[in-house]
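Hi everyone, thanks for coming. Let me put the sequence and the structure on the screen, and then I'll talk you through a few points.

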Amino acid sequence: MKKSAVLMAVTLMVTGAIGAQADDATYHFGSAHQRTNVTFESQTDFETVLGSTNQIAGSITGDTERGVGSVSIEVPVPSLDTGIEMRNDHLRSPMWLDAEKYPTIQFKSVSARKLSGTKWRIRGMFTMHGVSKELSVDADVREIPAAAAKAAGLEDGAWVRVTAPFTVRLSEFGVKVPEMAAAKVNDTWTVKVVAFANTRG
Amino acid sequence: MNPSRFSLRSRIAALVVFAAVAIAPSAILLDRLFGRDVLLISPHDEATVELNRSLHADGDPVAEIYGNPLSKPVRVVLLTERNVIHPAEDSSLALLPAGGDAPRPLQVQTVYFIARYAILALLLLSLVIAFLPIPRALSCSAGRA
């Protein structure tokens, strides 16, 4: 009798936990390239470079009620555009990001918790140029009301907009600014991800 | 050295030095007369701007409705005014789309960067013109021509 009561209690707890997991919604990036804007800012002696890409893949899963979630993002290196083709070639070359050997830049969360309102703190591993480093990002995750999504011509499904600014030091990822350009290129990139994701993928 | 040849070389070298010296004030003039501080943005498409506007809340950065901005304004020259966005939400802002289909503006720091190296190159050239010995055969053939 006692054993069956314990078993029932455990069963109820497990069922409850599964129920809570089922509340998590998964949103997929990549279905709205024209709305994706991933930029990186680089200070150089020559000019301030504002590079960008609209290519992104991955997903974000979260439960806004419980304030927990996870995120995984991938950006293809060959899609990074600095506005000058020769500079793009340099950026993709083995001297810099080596797009052939390391074709993507990735971020995979370890933990994500809601701070307040639409603000989340996401900790995870950022991988670039074959090197992974822990990174903490304060992101804004905003649910898009169905009417606004429809008015903007977004496809069916629930949508969120994710805005995540952060900085990376190239040297920490094994990207050595070439000697010739040492006076011209800053080691730090300011990155900003603005991407839309929906439940239908 | 032939005096007339010396004189010609000196004149050319002086001219090159003058050109080098003139570059700095020209760059400064270009900056002062045609320079303007703008916030460069990687622009969103129109539908996204509308969507961002509907999601905008008090305290959110206005520039981000229109695109991903640089962290601080940059000074650009030879700007076409019609390309500048003055947001209705904050008309004091001057946003300039750059990247994608938008043209890349000429930044003042680029002007000074090029000016610095142009001055250096011209001064070196003037030294070469003034002091590099011209082989006799070359100078004779030049004289015959």
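A word on terms before we start: helices (H or I, at least four residues) and strands (E, at least two) are DSSP runs, numbered from the N terminus. What you see is a predicted model, where local features need pLDDT of at least 70, side-chain atom pairs count only at pLDDT 80 or more, and totals for chains, interfaces and linings use all residues. Residues are numbered from 1 along each chain as its sequence is written, and chains are lettered from A and ligands numbered from 1 in the order in which they are written.

Let's go to the loop between α2 (85-92) and β6 (104-116) of chain A, where D98(A) lies. D98(A) has a positive phi of about 50° and is not a glycine. Most residues other than glycine have a negative phi. D98(A) is partly exposed, since 17 other C-beta atoms lie within 10 Å; buried would take 20 or more, exposed 12 or fewer, and partly exposed is in between, with C-beta atoms placed from the backbone.

Now the loop between β7 (119-128) and β8 of chain A, which holds H129(A). H129(A), not a glycine either, has a positive phi of about 60°. With 18 C-beta neighbours inside 10 Å, H129(A) is partly exposed.

Over to chain B, which has 5 helices and 5 strands. Along the sequence they run α-β-α-α-β-β-β-β-α-α. Of the 145 residues in chain B, 21% are buried.

That's my tour, so over to you for questions!
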